[in-house]
Every structure is written in structure tokens, then in C-alpha cells.
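I opened my notebook today to look up the salt bridges in this model. Here is what I went through, pair by pair.

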Amino acid sequence: LRYRRLAKRLQAAEANLRELALTDALTLLPNRRAGLARLTAECAQALRHGRPLSIAMLDVDYFKRINDRWGHPVGDLVLRELAIRFQSNLRDTDLAARLGGEEFLVILHGSDSKGAEIMAQRLRERVASCPVTVPNADITVTISLGVATLPDAPVDASLGAHQAGDNLLRQADE
């Protein structure tokens, strides 16, 4: 009985460590590692089944100005609020991940380029239309986005899903 309890505690601790290793501590979104791993997996599925896959790269415009004017704790509040907005405007099959700083990746499962552009525009409008409320201020935040879609992004089939993901990221970032 004692060993079973210990084994359960160890399993719970391992699960907690896995979660910590894959979650951005500030926004509670998947972190860069988890986002890129999901992108590779989604690319493999899209290539295997001949389905479209789109991504959007998002940057918070003038984020340094927010940190400089209001301080880093307020900048953190802005990032947390944006993470909530991203998640609330995505489908269950989509994924928003924080790549680092004020840069985010959104994976739009099964979306073609037109669907991705509509989603990106909707996210941009929803972020800009409602200021982020922080202590003593309402801060208007805007985002810039780039969208890329498989099979539009060129892929060397011999290199597979990892290269497809890299190509999508590069294309969306441009």
C-alpha cells in the first residue's frame, strides 16, 4: 500500500513537471517548445492527408512602449489578457502558443488561406476594439499578423513535417 501511494505521488509529480516544461508561466499558453512540437505534428497530419493547415504569427505592436511607460508588471497583464483573448476567439482544434516576448503562434487546424485570413483579421479587430484594463488605465493594444498555409508554402517532401513547419513560420513571419 505504501509503495502504491509513493508510485501515485511520483506519477503526479512527473505529470506536473511535464506540464511545467510545456507551459508558458506568464500566459499559461503552451510555450515555444510545445507550440513548435504541435506545429510539426499538425504539418505531418496535413501532409499525410492532403489537408490544408494555416498558421498566424502575431506580434504586439509597440510592446516596448507599454513596458517603458507603464512598467513590466503592466506589460505582463497585457500579455495575459491577450492570451485569454486569443484562446476565446479560436476553435477547440486551434492552438495559441507564446513563442517568446510579445510574439505568439496560432495554429489553425484544417484552415485554408481564406479561412486563416478571416481568423487573423477577426483576432486583430477583437484585440484593437477593446482596450486592456490595468490599474489606473485602459491601454489600447494592436497586433500585427502574418499568415501562411500548407500547401501554399513550398515543402520538399523528402524533408517532411519539420521543414514544412519551418517554412510556414518563415513565410508567416515575413
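**Salt bridge notes**

I began with R91, which is partly exposed at 39% relative accessibility. For the cut-offs, I took buried as under 20% relative accessible area, exposed as over 50%, and partly exposed as in between, with a 1.4 Å probe and protein chains only. The partner of R91 is D94, and the closest N and O atoms of this salt bridge lie 2.7 Å apart. D94 itself is buried, at 7% relative accessibility.

A note on what I am reading: this is a predicted model, where local features need pLDDT of at least 70, side-chain atom pairs count only at pLDDT 80 or more, and totals for chains, interfaces and linings use all residues. Residues are numbered from 1 along each chain as its sequence is written, and side-chain values use heavy atoms, with hydrogens and water left out.

How many salt bridges does the structure hold? I found five, counting a side-chain nitrogen of Lys or Arg within 4 Å of a carboxyl oxygen of Asp or Glu.

Next I looked up D24, which pairs with R98 at 3.2 Å between the closest N and O atoms. This pair links distant parts of the chain, 74 residues apart: D24 sits in the loop between α1 (2–22) and α2 (32–49), and R98 in strand β2 (residues 95–100). Helices (H or I, at least four residues) and strands (E, at least two) are DSSP runs, numbered from the N terminus. D24 is buried at 13%, and R98 is buried at 13% too.

Buried or exposed? K64 is exposed at 59%, and D68 is exposed at 54%.
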